Amino acid sequence: VDDLELAGGNVGLVQERVPAARVYPVPADDELFVEAPVGAGLDAWVLRDAQGRELSRGRFAAPHRASIDVRGLPSGPGLLELDLTDGSRRMERFVKR
């Protein structure tokens, strides 16, 4: 193993820039609005607390802009897991007031 030589090239991983979904307002009182990233549509969602426990889930009725009722959620930070129509998944942060 003493004669191992690495010649040229990058041995790291290329990090792909993926467009984010838009989630607002932060903090949210009653509704959380979601806009799909460019090139994808909204399919399904899961709301999780800061520890990752599932709070609620559902499917979007509209593919590009929709809202999620957060009135019944406890106050504090959370994660919104989005399944998109292109097969990808996004995690976005939100805060419930």
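The exercises below work through the sheets, the core and some local geometry of one predicted model.

Residues are numbered from 1 along each chain as its sequence is written, and side-chain values use heavy atoms, with hydrogens and water left out. Because the model is predicted, local features need pLDDT of at least 70 and side-chain atom pairs count only at pLDDT 80 or more, whereas totals for chains, interfaces and linings use all residues.

**Exercise 1. Determine the strand order of the open sheet of four strands, and state which strands are at its edges.**

Solution. Strands are DSSP runs of E with at least two residues, numbered from the N terminus, and two strands pair if DSSP finds at least two bridges between them.
- The order is 4-3-6-7, with antiparallel pairing.
- Strand 4 (54-59) and strand 7 (89-96) are the edge strands, each pairing on one side only.
- From one strand to the next the twist averages 20°, where axes are lines fitted to C-alpha atoms and angles run from 0 to 180 degrees between N-to-C directions.
- In the antiparallel pair of strand 3 (residues 42-49) and strand 6 (residues 76-84) there are seven bridges; L42 has L84 of strand 6 as its bridge partner, while D49 stands opposite G78.
- Strand 6 and strand 7 are antiparallel over eight bridges, and R93 in strand 7 is the bridge partner of L79.
- The hairpin of strand 6 and strand 7 has four residues between the strands, and G87 takes a positive phi near 90° there.

**Exercise 2. Which rings form the one aromatic pair, and why does the pair count as stacked?**

Solution. Rings of Phe, Tyr and Trp (its six-membered ring) pair if their centres lie within 6.5 Å; planes under 30 degrees apart are stacked, over 60 edge-to-face, and the rest tilted.
- A search of the whole structure finds one such pair.
- The ring centres of Y24 and F33 are 5.7 Å apart and their planes lie at 25°, so the pair is stacked.
- In the sheet, F33 of strand 2 is the bridge partner of Y24.
- F33 has 24% relative accessibility and therefore counts as partly exposed, on a scale where buried is under 20%, exposed over 50%, and partly exposed in between (1.4 Å probe, protein chains only).
- The charged end of R22 sits over the ring of Y24, 4.2 Å from its centre, the criterion being NZ of Lys or CZ of Arg within 6 Å of the ring centre and within 35 degrees of the ring normal.

**Exercise 3. Locate the largest nonpolar core and the surroundings of F60.**

Solution. A nonpolar core is a set of buried Ala, Val, Leu, Ile, Met, Phe, Trp, Tyr and Cys residues joined through side-chain atoms within 4.5 Å.
- The largest has 19 residues, and those with the most contacts inside it are L32, L47, F60, I68, L80 and L82.
- Strand 2 (31-35), strand 3, strand 5 (65-69) and strand 6 each supply at least two residues of this core.
- Leaving aside neighbours within four places in sequence, F60 is in contact (heavy atoms within 4.5 Å) with residues including V34, W45, I68 and L82.
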